[in-house]
Every structure is written in C-alpha cells, then in structure tokens.
Amino acid sequence: MDNETLQAWVEQVSRDSFGRPFLHQATFNRRLRSTGGRYFMRSHDIEINPKQLETFGREETEKIIKHELCHYHLHLTKRGYRHQDADFQRLLAEVGGSRYCSALPGQTKRVQPYRYKLVCRSCGMEYLRKRKVNPAKYACGKCRGKLFIKMLDFVLEP
Ligand SMILES: [Zn+2]
Ligand SMILES: [Zn+2]
C-alpha cells in the first residue's frame, strides 16, 4: 500500500467514524519502532507504521488510524486529546480505536505503561504509577493529604 492509498483511507475513516474531514497528511513511516502510529501536534500530520499493516492486517491498522484520529480531532477542537483525558478515552471507545499507539509485538525495549494511580483523599489530585505501590508510604505533593491507590481502567503509555 502506498501513501496515497493510506491518505485516502485515513480521510475515509475520518468521515465515516468522526463525521469530520481529515485535512492534513497521512504517511507511512517504516522507521517507527515501537509505535503503530503517531500524531504530530505541530503539523497535525499522522504517521502509520507499515509493519502494523503487514503484521496485523487492515482491521487492526484501522484501529490505530482511529486512535491517531482521536488525537487529531480532539486537539483541533481544543478538547482533551491526551491519553489520560476523559474526552480522549470516551471518543476512543466510541469509534473503537486501538488503546495504544504502540501495538507492535516483539520489541526488546518496551516502555512500561501506567497501570495505577494514587489519588488524594483530600484534594483529589492524581498521580500515575507504573507499579502497584503502598499508598501509606506517600503523601499528596499538593496538600500532604492521604492517598489511596486505584487501578486504571485504561493502560496508559508514558
Ligand atoms: Zn496515542
Ligand atoms: Zn491533596
């Protein structure tokens, strides 16, 4: 598949699943290692790892496209476009996008995702954690309040 076909594909997914046009550039980038796709905040362009398509096929790649389009549309409409934002998680679930930018297997240097958060009982401040920790050992950095730990219903890449 060439870049032109990818561009048309992303435009179509954007119209069909988001009801909005994709007005920027989508290209394949073979140099992407651990990630299936990337969204560029400055140029608003999207890159897709061609190995994603070769390894997982069209259906899985379309989920990555949807993931990147979630970043794209939320960023352009000034809503929460980061993985941890409620807007992002809601839209991603709605369109059925992949949970990760990085979905390719077999990397040696896999970055640990966030799986937990420490939440302050007093002020509600949240701190992401990659490992399960004992909340009694920590205090809120903002108000020194007591914390409790909660597993994320969503695994977040760092
Ligand atoms: Zn992402
Ligand atoms: Zn606090």
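## Exercises on a predicted protein model

Read along the sequence, the protein chain runs α-β-β-β-α-α-β-β-β. Helices (H or I, at least four residues) and strands (E, at least two) are DSSP runs, numbered from the N terminus. This is a predicted model, where local features need pLDDT of at least 70, side-chain atom pairs count only at pLDDT 80 or more, and totals for chains, interfaces and linings use all residues. Residues are numbered from 1 along each chain as its sequence is written, chains are lettered from A and ligands numbered from 1 in the order in which they are written, and side-chain values use heavy atoms, with hydrogens and water left out.

### Exercise 1: The whole chain

Find how many helices and strands the protein chain has, and what percentage of its residues count as buried.

**Solution.** 
- Step 1. The protein chain holds 3 helices and 6 strands.
- Step 2. Buried means under 20% relative accessible area, exposed over 50%, and partly exposed in between (1.4 Å probe, protein chains only). Of the 158 residues of the protein chain, 41% count as buried.
- Step 3. Now look at contacts, meaning heavy atoms within 4.5 Å. Among contacts between residues at least 6 apart in sequence, 52% join residues at least 24 apart.

### Exercise 2: The zinc site

Work out which residues are the protein donors of the zinc ion (ligand 2), and what arrangement the donor atoms make.

**Solution.** 
- Step 1. Donors are N, O and S atoms within 2.8 Å of the metal (3.2 Å for Na, K and Ca); water is not among the atoms, so sites may look incomplete. Here the protein donors are the SG atoms of Cys120, Cys123, Cys140 and Cys143, which lie 2.2 to 2.4 Å from the zinc ion.
- Step 2. In sequence, these donor residues follow the spacing C-x2-C-x16-C-x2-C.
- Step 3. Four donors count as tetrahedral if all angles lie between 85 and 135 degrees. The arrangement around the zinc ion is tetrahedral because its 4 donor atoms subtend angles of 100 to 118°.
- Step 4. Cysteine 120 counts as buried because its relative accessibility is 2%, while cysteine 123, at 33%, counts as partly exposed.
- Step 5. Cysteine 123 sits in the loop between strand S4 (114-120) and strand S5 (126-129). Leaving out residues up to four places away in sequence, cysteine 123 touches Cys140, Lys142 and Cys143. From C-alpha to C-alpha, cysteine 123 and cysteine 140 are 8.5 Å apart, although 17 residues separate them in sequence.

### Exercise 3: Two helix pairs

Determine the angle at which H2 and H3 pack, then do the task again for H1 and H2.

**Solution.** 
- Step 1. Axes are lines fitted to C-alpha atoms, for helices over the stretch in contact, and angles run from 0 to 180 degrees between N-to-C directions. H2 and H3 pack at about 135°, with their axes 10 Å apart. That angle makes H2 oblique to H3; angles under 35 degrees count as roughly parallel, over 145 as roughly antiparallel, 65 to 115 as roughly perpendicular and the rest as oblique.
- Step 2. In this pair, Lys66, His67, Cys70, His71 and Leu74 of H2 meet Asp87, Phe88, Leu91, Leu92 and Val95 of H3.
- Step 3. Helix H1 (residues 3-18) and H2 pack at about 60°, and their axes are 10 Å apart. H1 is therefore oblique to H2. Residues making this contact include Leu6, Trp9 and Val10 of H1 and Leu53, Arg58 and Thr61 of H2.

### Exercise 4: Two positive phi values

Decide whether histidine 44 and lysine 78 are buried or exposed, and find the phi of each.

**Solution.** 
- Step 1. Start with some background: most residues other than glycine have a negative phi.
- Step 2. Histidine 44 has a positive phi, near 65°. This residue is found in the loop between strand S2 (37-39) and strand S3 (46-48), and with a relative accessible area of 18% histidine 44 is buried.
- Step 3. Look at what surrounds it. Apart from residues up to four places away in sequence, histidine 44 touches Phe22, His24, Tyr39, Tyr72, His75 and Leu76.
- Step 4. Lysine 78 also has a positive phi, about 60°, although it is not a glycine. Lysine 78 lies in the loop between helix H2 (50-76) and helix H3 (86-95), and is exposed, with a relative accessible area of 76%.

Conventions. Tetrahedral: all angles 85-135°; square planar, octahedral: opposite > 155°, others 65-115°.
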